[in-house]
Every structure is written in C-alpha cells, then in structure tokens.
Amino acid sequence: MATGVAAWLPFARAAAIGWMPVANLPMPIAPTEKNKRADELIILNVSGRRFETWRNTLDRYPDTLLGSSEKEFFYNEDTKEYFFDRDPDVFRAVLNFYRTGKLHYPRSECILAYDEELSFFGIIPEIIGDCCYEEYKDRRRENQERLMDDDEDKKDAKLPNMTFRETMWRAFENPHTSTMALVFYYVTGFFIAISVLTNVVETVPCGTTPNTKEVPCGERYTVAFFCMDTACVLIFTVEYLMRLFAAPSRYRFMRSVMSIIDVVAILPYYIGLVMTNNEDVSGAFVTLRVFRVFRIFKFSRHSQGLRILGYTLKSCASELGFLLFSLTMAIIIFATVMFYAEKGSTSSKFTSIPASFWYTIVTMTTLGYGDMVPKTIAGKIFGSICSLSGVLVIALPVPVIVSNFSRIYHQNQRADKRRAQKMQKARLARIRISKTGNSNAFLHSKRNGLFSDALELTSSTEEEQQLSKNQSLLESQHHHLLHCLEKTTNHKFADEQCYEQSYLEGALHSYPSRSPSFSSQEGMTGTCCTCCSKRNHGPFPNSSMPTCLLTNPPSHTHPHHNLQELSTIHIQPLNTSRSSLNMLVDEPARPNCQSGTITTAIISSPMPPATTPEVDAHLPPTGFALQNVVKVSAM
Amino acid sequence: MDSQAKRVETISARLDAAGSSTDSVEDELELSAVRHRPEGLEQLEALTRFNRKELQILYRGFKNECPSGVVNEDTFKDIYSQFFPQGDASKYAHFLFNAFDTNKDGSVSFEDFVMGLSILLRGSVQEKLNWAFNLYDINKDGYITKEEMLDIMKAIYDMMGKCTYPLVKDDTPRQHVELFFQKMDKNKDGVVTIDEFIDCCQNDENIMRSMQLFENVI
C-alpha cells in the first residue's frame, strides 16, 4: 500500500460500508489496535538539532530505521528523545521523505556522504523522486569515473611475475614505467626528428661549386645523407621488430594504424635499396621517397594531442564528407556558369569547364590569385556571386568541426546516460517489485492472518504476537479492507500464477504456449496462492472445483522451474501443527472447526509442462468443517 | 451551508494574464488556483460527531494529501486506487465521489469529507443505510433500478481485478444483482425504494452486524 496515502485509510475503510448491503456473507473481524496510543510527538535529536514529528509519520515506512523498532536502540532515557550522531543537514532530507513520501537529493551534499546516510537510515536510493534522480545519478557517475581514473593510475604498478615480453610491451606503451623505456622513448623521438630534418635539408640548395649550377645538398653530400638515412631506418626497423615481438596480439598489432605508419615509413628505403640500379623505375622510386614524410606521423606516439586530433577528424569524417560534397556541387555549378559566361570573350582562360574549376575554387576560398579573371560583364557578375557564396560555404566547416567536438563529448555522456537508462529500467523494476510486493503482502498475510485466527483458539499470546509483530496496524487494517471486499464479492484475490492455472483449467486443459506473464512475474516473490484458502463460504452454485495449483514460497527464489512431480507430501493435523509453526504451514482450520481431523487425499493433476512451476496440489475441501491443510512442498 | 462557508480565492492575475483563453483552460486554471479553507473547528464540531482531536487528525491527513484543500475527482480516484492495487478502483471511486460531493460542484472539500465520514463512522444505522442507498441510487431519483445496481456491482467487481479465485465470469455481477433484488425487492416491481431497502437490511443479521464493523476506525 502506498504509505503516502496512509492518512486516507480510515476514509477507505469507512467507504467500505457501501459494500455491506450488497454482501451476502459475514464480514471478517476488524483488527483492533491493541495498544492504541494517542498520536504523540517524538523528538529526534540529530547531533544537537532537534527534529520533532508525529510518531505516525515515522510509522509510515516500517522497513526503515526510523519506522521500525530499530530506533529504540537510539533512545536516550534521560532526555526522552532519540539521539542520532549523524549529519543534521542530510537528516532533513531523510525526514522530509517520511513527511511527504518523496525523497530529494540536496545538491550541496557530497554524494558519498548522502549515500551513507541513506543506508544508515535504511532507505534505498532508488526511490529518489524524479525531480532529483537525474542529478543524483550524474553525481554518482562522476564520482565513479573519478575513482576509476585513480585506479587506472594505480594500474601501472608492476605486477609480479610478468614475462619479459609483457615487460617490453608495457615499456613500449608507457615510457614512464622504467628508465630503459624512457631512454628508448627519447632515442626514437630524436631519430624521428633527425630523419625528418634530413629529408627536408636534402632538398635545400647548398653552396655551388663554381662551375655547376646550384645543387641540392642531397646530391652534394650523397654519402652523408645516405648514411644518415640508413641509420634512421635501421633504428626504425629494430623498433618495429621489437614491438612486433612484444605485442600480445601480433595480428592486431599489425593491423593498427601506428604499425602501418611505421611500415610505410621504412619501406621506401628498402625498395630503394633493391631498385637503385634500374633507371626506368627510378622515377617511381623518387615518388616513393615522398612517403618518407610519413615518419613525422610516428610522432603521434609521442604526442597525445596528435592522437586526439586524429580521432576527431576520424569521427568528423561524415560531416566533412558532406561538406566536401556540397562544395563540389557549388564548384561545378559556378564553373559551368563561368565557362558559358566567358565563352564569348576572346583569349579567355576559361577554355573548358574543368579549367574553370581552378578559378571557382580560388574564388570561393577567397584566395583570388588573379591568374584567371573574367572579362565579360556577365562573367564578372557571376564571379562576384561566386565569391560571395564562397564566403558562406567556406564558413560552414568551422561550426561543423566545433559541433563535432561537442558531439563527441556528448556522445560520451550519452553512452553513460544509456547505461543510466538501463539502471533506470532496473530502478523501475525495483519499484515495481516493491509495489507487487505490497499486493502480494496481502495474499501473504492472509495466510498468516488466518493462521493467527486459529491460534486464538489454541492460543498462546506469544505466538500470536510473534506473527502479528511483522505487520503494522496500518497494514492489518488495509488487509482487513481487502478481506471485506473479498467477502462482498465472494471471490478471492489470487496471484498471477493461480490466475493462470484457473484460466487454463477453464479452458479445458488446452495447452497454451508459455505465457509472457511468467516473465512479468520476475518481480514476484513466490507467495503462496490463496486460492488454496478454501475456507468454504458457501457452496459455489455452478462452479466446479478445479484443483488449485499453488506455488510454495521457497526461500524467496523465483518459482520458475518446470517441475511436474510432487515430492514429499505432508498432511498436518492441526493439533500437532504447533511444532511445525516454523514451517510455512498453510491455512489451518476455521475457528469453528471441531477438531483437527485430517481430510482427504491429494490430487496431482497433470499440468502441461509449459505452465507448471513448482507445484503444490491441494484438494478443495469437500465439506465446510473439514478444512485441514494439505501442504505439499515441492523441492 | 457549504456555499456560504466556502471562500474561493481565484488568482485573478493569472486568469487575466491568460487573456482570451478557452473556457476549458480557464476552468482548469481556476481549479488549480482554487484554494479552500474550511470552517473553523467549532462549526465543524457542531456539524459532525467528531471531537476536536479527531477533526485535527482528519484534517492533517486530508491536507497532507491535498495541499490545496479540495479534492477533485481525479485525485480522489488516484488516492482510492492505491488501496486496491490489484484491480481497477476508478469506477467505484467515481460513485463514491458523487456520494461525497453533496453539493455537486465537482470537488470534495474538507467539510464534505468530514460530514460523509461522520455519517459513516458515527451515524445511526438508519443514516448509514440512507447513505448506502444514496450511493447506489446513481441518478438520485429515489429508486434503485437493476441497471444502476449492475453498474455499482461491476465497479465493485472491477476492484478485485482479474487475478481472482474463482475467476470472475462475465455474468457474475449480474447474478449478484439478481440475488440482491430477490432479497430487497419485496413487491417485485423491478426497483428498490428506500423503505424496502432499509426494511430489508434491518432484518438481515449479517448486514446489521457488518454496519457496526467500522466503529472504531478513527
């Protein structure tokens, strides 16, 4: 029952008078408040700040610290108040939960401190109201990420018993792990720089010998440059081979971007070694040397920023592709227009449409070299339109990339939110469980309730109290209300499994497929179906009495097993049931039962396998008085 | 009495700002802006059979759930449904609402609430039966017809939900209504009048006993 509306329970019970003239059966006795106290104020002293509230307010949530008898541990006899040595600010939120039924998360509190307080007072955080739940989850996530980051830093601690190969790999990946790794890191960096510099300087014209024209340094000091190149390539090759050896997954390593760059960086040299003597392909060989510039990308192992840039470009690829596409469209349009506009003019440079591409690109990017200019008036008009639109079109990439940065950032958030949504589903499932738990609580307590009726016969008050202590007065009144409704309509509440069974039986043993409702019963603990509570109220005029299949409440596991057989069968006469009080005995005899005589035998009904959970079979009683329990526990 | 007592504060600024809104929107605004303060404790004590302390407790609970001081039908249905998680209590709540809303203004104020409760919990058997008759007589014409009873019965059975044992068949409410009319309709004219109703109930031991059931609710 939603304890938020506990205050309206008297009204609901009063309204039940509306059912009375319609009912044909006597109503159950109302639960009495055994020690009815006038509602009193209780004082909660939290670290010196005194909070006062009605006792009833706290009793609304009996499974928390303040609502149960657990708070008696904190009762201070001298000052007649409950003292808690906790944070009073967070306690405000906790107490407001009792008052309003909604739990809020105060934004100024640290998430860990808040969680601790909640667990101290026995409140699950899932019931935080929707207004504050997002914030709570965000803070929680942030905190966990922070902890994860800290953990990652700690991860670099050297694990014992690492093989040489693993050590090497770790050294390559993270140069700070050992001195050797650091040395290696710097050496390779140095050689990359040298290699790139060599490539550049190679082409600079060095001083001339008096009789020849200027030659680039590369041709003048061929040997020197060749030695330098060889040295660099040697270093790179050795590095690549070492990485290949140390990689935990060689195949994956060979596919990675960095290794491809490595290969491309050193390959031209080897190809050049092979092909030096052939003049025909030396042209191709020269082109290959261009690839040496890829060595500069090897720096990305050394620079985090480069890696992020690369990643961004990769993820912006689709946007940039679209941009390129639209640019191409614009270029083609304007080039065509310019070509036809300039066709008439003499000695025009716009010889063909592809030739006009150059003009369009230069104009749209506002470069304006001036090597091609329109001469006709139409050409000039369209040329100016072209340059204006160019400004607009070129201005597009910047926000695209900016928005991509933020998109990448938000994607991270969204991934986390998706994770949070899964938790949202889990949260909703939990709330649903507790709600169905409430409705099952009625069914559950009916059994216990009737049990206590019987106890009044045989009674010892301790046992009574023992059973009723678990139920607050509110709950018992609510259950009494539901009981009255049952009597009015002459039907009983059943849980879903019972409903399925009786539905199936009504359908004359048809074999329906496994109903999805079973999966929806995930949340239900296996409470005992009360259709076995056949305390007969009156002959059912037309209905047959089908066998009712019950689920035994096991130790709160879900009864989804396809058992068909009944195993041990216990027949319990009531008189000896005292000893078996600890077992979950089913309904005992009615209060006006004469004696505990054993009734009839058991029927096991062949149920279709798809729908049989754990099975308790129970024969409907044949008479009014003989109501004894036949309980089957299926293992 | 209610209309005299009721002091409705409409936030006229809000309505003015709404400008030329349609009627339904205005009504919504008005309802949401309506606040209600009940009569003083003394008057209520005179009107009902509750003492001061009980009225205090009732009002605190009432106001907690409805801070604005009035309950409209949706809130009412919502609250009532929470007590019957397995079934659909909205239809019965609708009838209950009409029974409590004596001046038919679409909302149950604290006075209505507490006067209804006073009859139900502290009234004489005659008054209670009267109240029940009023509940069943949907159109308040003084007769309970089979159709009205069938509506009420269906509403009650709806509260059970579908997971019942035995299953509620389609004609179960109708059968129950037949049973009811057999018992109550003495002159077999197809309707039950208030006198037949009260007579019959007073002769039925079960009903008499169950009427006393909720004496000690507050």
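Trainee: Which residues is A:Arg243 in contact with, leaving aside its neighbours within four places in sequence?

Mentor: In this predicted model, A:Arg243 is in contact with A:Trp169, A:Phe172, A:Glu173, A:Phe253 and A:Arg301, once neighbours within four places in sequence are set aside. A:Arg243 itself lies in helix H9 of chain A, which spans residues 222–246.

Trainee: Why is A:Arg243 called buried?

Mentor: Set the value against the cut-off. Buried means under 20% relative accessible area. A:Arg243 has a relative accessible area of 5%, so A:Arg243 is buried.

Trainee: What share of chain A is made up of buried residues?

Mentor: Of the 635 residues in chain A, 41% are buried. Chain A has 21 helices and nine strands.

Trainee: Let us look at another helix. Where is A:Lys380, and what does it touch?

Mentor: A:Lys380 sits in helix H16 of chain A, residues 377–394. Not counting residues up to four places away in sequence, A:Lys380 touches A:Pro374 and A:Lys375.

Trainee: Now to the two chains together. How many residues does each give to the contact?

Mentor: Chain B gives 59 residues and chain A gives 58. Between them the chains bury about 5,200 Å², and 70% of that is on carbon and sulfur atoms. On the chain B side, B:Phe83, B:Tyr165 and B:Phe214 supply 18% of the area buried against chain A, more than any other three residues.

Trainee: How many salt bridges and polar contacts cross the interface?

Mentor: The rule finds zero salt bridges between chain B and chain A. For a salt bridge, a side-chain nitrogen of Lys or Arg has to be within 4 Å of a carboxyl oxygen of Asp or Glu. Polar contacts come to six residue pairs, both residues at pLDDT 80 or more.

Trainee: Which helix of chain B gives the most to the side that touches chain A?

Mentor: That is helix H11, residues 172–184, with seven residues. By class, this side of chain B has 42 nonpolar, 11 polar and six charged residues.

Trainee: What makes strand E5 of chain A and strand E4 of chain B a pair?

Mentor: Two strands pair if there are at least two bridges between them. Strand E5 (residues 492–493) of chain A and strand E4 (residues 164–165) of chain B have two bridges, so they pair, in the antiparallel sense. Within this pairing, A:Phe493 stands opposite B:Thr164.

Terms used:
Residues numbered from 1 in each chain as written. Chains lettered and ligands numbered in written order. Heavy atoms only, no water. Contact = heavy atoms within 4.5 Å. Buried area = accessible area lost by both parts, 1.4 Å probe. Polar contact = N/O pair within 3.5 Å; in protein donor to acceptor, adjacent residues only side chain to side chain. Helix = DSSP H or I, 4+ residues; strand = E, 2+ residues; numbered from the N terminus. Nonpolar A, V, L, I, M, F, W, Y, C, P; charged D, E, K, R; others polar. Buried < 20%, exposed > 50% of the residue type's maximum accessible area, 1.4 Å probe, protein only.
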